[in-house]
Amino acid sequence: MAVCARLCGVGPSRGCRRRQQRRDPAETAAADSEPDTDLEEERIEAGAAELGSEWSGRSSSPSPPPRCSLLELPPELLVEIFASLPGTDLPSLAQVCTKFCRILHNDTIWRRRCREEYGVCENLRKLEITGVSCRDVYAKRINPRVKSGRFMKILPDYEHMEYRDVYTCLLHRYRHILGLWQPDIGPYGGLLNVVVDGLFIIGWMYLPPHDPHVDDPMRFKPLFRIHLMERKSATVECMYGHRGPHNGHIQIVKKDEFSTKCNQTEHHRMSGGRQEEFRTWLREEWGRTLEDIFHEHMQELILMKFIYTSQYDNCLTYRRIYLPPSHPDDLIRPGLFKGTYGSHGLEIVMLSFHGKHARVTKITGDPNIPAGQQTVEIDLMHRIQLPNVENLCNFNELSRIVLEAQEQVRQEQQQQQEGRTEDSEGSGPPTEVREPGNEGAAALKEEPVQFVLPVGVSSRNENYPRTCRMCFYGTGLIAGHGFTSPERTPGVFILFDEDRFGFIWLELKSFSLYSRVQATFRNADAPSPQAFEEMLKNIQSLTS
């Protein structure tokens, strides 16, 4: 109350007391407030005036200069002040007095909040419903196949829309679903990025490039979109299928979890039936036809994935995922990568660092190792010195080096266990473990050495780097179909450069190449390292 009095210069008012009531931003932003004072307030002000005059009669010092009130500032200056405040604070400000409420109807304030908080740069007043500029801006966000006549019908009426409506009914209302998410599609998982795209909120499903081109950019397709077709009314539309946007629904189940539902699944069907749907899906998912895939086991895996994933009809539950936090001592910058996984094709993984170890976690998966599982673990305390190129071509030589490192790790773990046992019995300190140093800076300074895959090691992509910087002992997770009999087997982690690394699976005699996902993701940073660790445990427990 005292703060309001100092700001307004009118003392506490009924409007000020209404500030304390919690309301929805859309309702409170439009609420009118009455600045009138009640009898109790007038009595307090009169008493204060008498006290002030009495004090001035006793004191010979000059009276202080009059205070400048916000109410005395010109409206254009108040617009600039209010536009710099967070949008969530504006509804409370509107309840101070009628002048503030009237100024907060200025759409310039809300347009600035939309731009600064959510990156909305479009101008509602310049979007012509029948114009070319509007089509250019929104063609890719609606449906590239749509005809011009139909295009006009599915655009919102921006002429009578205000930025306050966009902020309160669209951006603020659905702010909790912005960021990265993993859909619950059994072992296959996925990567969904929900972003503000123009005057839409769109859920883009990120797909790895076609196998085996791991260095190609990511592909993406829209699964749903949210926008305002009318004032104060947000519309959710499903974008799945090839017949344009149609009626959908979004429900925020709980914190860090939401679900989508398509209300018109007949839009997902194609006139040619399941065969045409499968051929279309195969071209989009793999960039080829079934006749081009000669490996019978690979054909079975592809058909299995189509049958499993198509049954959901875009009715999915999503759980939030965070990007891994980075540290100057990290070997390379952590983040998302694309990796080759034999007959399963390319999959999306996340590289993160955890003290003496680094982990590679699957964001997308397969029937053998499902999404959420830790596919590779790197022991940063045990660096491997590769032999020269001539000896490296010999698989037995590489196998010997890796198995020696494995035995050393086993002995150290046994000593640490014995040290903990002795310490618990009070008979001695635990074995000292050396902490990792500044591997990140060291990796960049390392002179690259020649690298070649040993004879007999298979690789989906023969265009792998021929020089590497550092190698470490690691373990890879392998399992039977249905994630049966999982076990960790030894291997070699190879760091090629800042954006690429590889892993040799010793038991499988196979090589996986990983390349960084070159994309910027907003609203994807973990609030704390503990939140990131908890997220990893959650997505792993879903498929264990």
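Student: How are helix 8 and helix 11 oriented towards each other, parallel or oblique?

Tutor: Let's begin with the angle. In this predicted model, helix 8 (residues 107–118) and helix 11 (residues 163–171) pack at about 45°, and their axes are 7 Å apart. Helix 8 and helix 11 are therefore oblique to each other, because angles under 35 degrees count as roughly parallel and 65 to 115 as roughly perpendicular.

Student: Which residues make that contact?

Tutor: Helix 8 brings Asp107, Trp110, Arg111, Arg113, Cys114, Glu117 and Tyr118, while helix 11 brings Tyr163, Arg164, Val166, Tyr167, Thr168 and Leu171. Sorted by class, the contact of helix 8 with helix 11 holds seven nonpolar, one polar and five charged residues.

Student: How should I read the packing of helix 5 and helix 8?

Tutor: The same way, angle and axes together. Helix 5 (residues 75–83) packs with helix 8 at about 25°, with the axes 9 Å apart. These two helices, helix 5 and helix 8, are therefore roughly parallel to each other. Their crossing is right-handed. On the helix 5 side you will find Val79, Glu80, Phe82 and Ala83, which meet Ile109, Arg112 and Arg113 of helix 8. The contact of helix 5 with helix 8 comprises four nonpolar and three charged residues, with no polar ones.

Student: What angle do helix 12 and helix 13 make?

Tutor: Helix 12 (residues 273–286) and helix 13 pack at about 110°, with axes 11 Å apart. That makes helix 12 roughly perpendicular to helix 13. Helix 12 passes helix 13 in a right-handed crossing. Arg274, Glu277, Phe278, Trp281, Leu282, Glu285 and Trp286 of helix 12 meet Met298, Ile302, Leu303, Lys305, Phe306, Thr309 and Ser310 of helix 13. By class, the contact of helix 12 with helix 13 has eight nonpolar, two polar and four charged residues.

Student: Let's turn to the backbone. Where is there a cis peptide bond?

Tutor: Start from the background: most peptide bonds are trans, and most residues other than glycine have a negative phi. In this model, aspartate 211 and proline 212 are joined by a cis peptide bond, with omega about 5°. Proline 212 sits in the loop between strand 3 (200–207) and strand 4 (219–230).

Student: Which residue other than glycine has a positive phi?

Tutor: Take a look at serine 485, where phi is near 50°. Serine 485 belongs to strand 17 (residues 484–497).

Definitions and conventions:
Residues numbered from 1 in each chain as written. Predicted model: local features only at pLDDT ≥ 70, side-chain atom pairs only at ≥ 80, totals over all residues. Heavy atoms only, no water. Axes fitted to C-alpha atoms, helices over the stretch in contact; angles between N-to-C directions. Helix = DSSP H or I, 4+ residues; strand = E, 2+ residues; numbered from the N terminus. Parallel < 35°, antiparallel > 145°, perpendicular 65-115°, else oblique. Left-handed = near helix turned anticlockwise from the far one by under 90°. Contact = heavy atoms within 4.5 Å. Nonpolar A, V, L, I, M, F, W, Y, C, P; charged D, E, K, R; others polar.
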